[in-house]
Amino acid sequence: HNRTRGVPTRAAPMTVEYGWPSRRSLRALDLLAFFLADVKGGVGPFLAVYLQANRHWDSASIGTALAMTAVAGVIGETPAGALVDRVRHKRELVALAALLIAVACLATVWFSSVAGVMAAQALVGLVGAGFQPAVAGISLGLVGYKALDRRIGRNESISHAGNVVAALSAGLLGYLLSQSWIFYTVAAVSVVSAVMALAIRGDEIDYELA
């Protein structure tokens with residue numbers, strides 16, 4: 001370590017080749033990328049099917065609900081990025097955001113009012129905007145610049161695999177059980193995502209680098 005103005009810093013970002021970070025943290029990051037694929041957008045396009053078949057909403061209301069998520073996500077991108085840059089507890093931030101997604105999914109099922117569903121979807125958009133910068137920051141803090149491109153590529157590959165599994169699972173659950181189970185499944189996976197975020201060892205993340 002070097003010391004600059006009394007603050008210990010790393011001479012160079014530690015990468016996987018040097019035995020850092022631990023296998024536990026890397027596996028937890030893999031699983032986080034996998035499960036977040038089913039979490040960060042809520043239930044996605046399945047919301048339209050649910051609202052039409054179970055709530056009998058008209059097309060305009062359904063479109064508004066879907067737009068609410070997208071618009072809230074766009075609004076939340078800049079403050080979410082700024083928050084991620086300033087906060088050291090990025091693992092905890094991801095875990096909290098995942099749990100809020102779970103709350104939003106359950107609220108969509110439990111609250112039948114239009115206002116309740118709209119608020120839940122706005123929450124999905126707002127907190128979902130923080131996942132990508134937070135995971136990128138954690139990845140950078142774990143592996144450093146030299147291994148970052150490979151790590152981001154791995155995150156994206158795993159995330160795409162998670163998207164496929166999530167879509168197939170949601171469709172199967174909706175067909176065999178009921179469409180409400182899609183929301184319960186996403187809520188459960190959100191809790192798992194929070195656990196995976198906290199399973200990454202915080203003492204292995206270079207927060208100045210992240």
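Which residues of α3 are buried? Select α3 and colour I62, A65, T69, A72, G73, G76, A80, G81 and V84: these are the buried residues of the helix. Buried here means under 20% relative accessible area, exposed means over 50%, and partly exposed lies in between, with a 1.4 Å probe and protein chains only. Helices are DSSP runs of H or I with at least four residues, strands are runs of E with at least two, and both are numbered from the N terminus.

Before going on, please note that this is a predicted model, in which local features need pLDDT of at least 70 and side-chain atom pairs count only at pLDDT 80 or more, while totals for chains, interfaces and linings use all residues. Residues are numbered from 1 along each chain as its sequence is written, and side-chain values use heavy atoms, with hydrogens and water left out.

**Along α3**

Stay with α3, which has 28 residues. From its first C-alpha to its last it reaches 41 Å, close to the 40 Å expected at 1.5 Å a residue (the expected span is 1.5 Å times one less than the number of residues). Now centre on E77, where α3 has a kink of about 40°, shortly before the proline P79. The bend at a residue is the angle between axes fitted to the seven residues ending there and the seven starting there.

Next, select W57 in the loop between α2 (46-53) and α3. W57 counts as buried, at 11% relative accessibility.

**The largest pocket**

Move on to K40, G128, F131, Q132 and P133, which are the closest to the centre of the largest pocket among its 21 lining residues. About 480 Å³ of space lies in this pocket. Pockets and cavities are found on a 1 Å grid over the protein atoms alone: a cavity is a set of points where a 1.4 Å probe fits but cannot get out, a pocket is an open set with protein on both sides within 12 Å along at least five of seven lines, and lining residues have an atom within 4 Å of a point. Grid points are joined across faces, edges and corners, and a volume is the space filled by probe spheres set on the points.

Colour α1 (23-36), α3 (59-86), α5 (114-128), α6 (131-143) and α7 (148-176), the elements that give two or more residues to the pocket lining. The largest share, five residues, comes from α6.

**The cavity**

For the largest cavity, select D38, A166, S169, A170, L173, I182, T185 and V186, which line it. Its volume is about 40 Å³. Here α7 and α8 each supply at least two lining residues, and the largest share, four residues, comes from α7.

**Aromatic pairs**

Finally, show the rings of F34 and F35. Rings of Phe, Tyr and Trp (its six-membered ring) pair if their centres lie within 6.5 Å; planes under 30 degrees apart count as stacked, over 60 as edge-to-face and the rest as tilted. The count comes to three aromatic pairs. The rings of F34 and F35 have centres 5.4 Å apart and planes at 85°, so this pair is edge-to-face.

Last stop: W181 and Y184, another edge-to-face pair, at 5.8 Å centre to centre with 75° between the planes. Both lie in helix α8 (residues 180-199), three residues apart, about one turn of the helix. W181 is partly exposed, with a relative accessible area of 41%, and Y184 is partly exposed at 29%.
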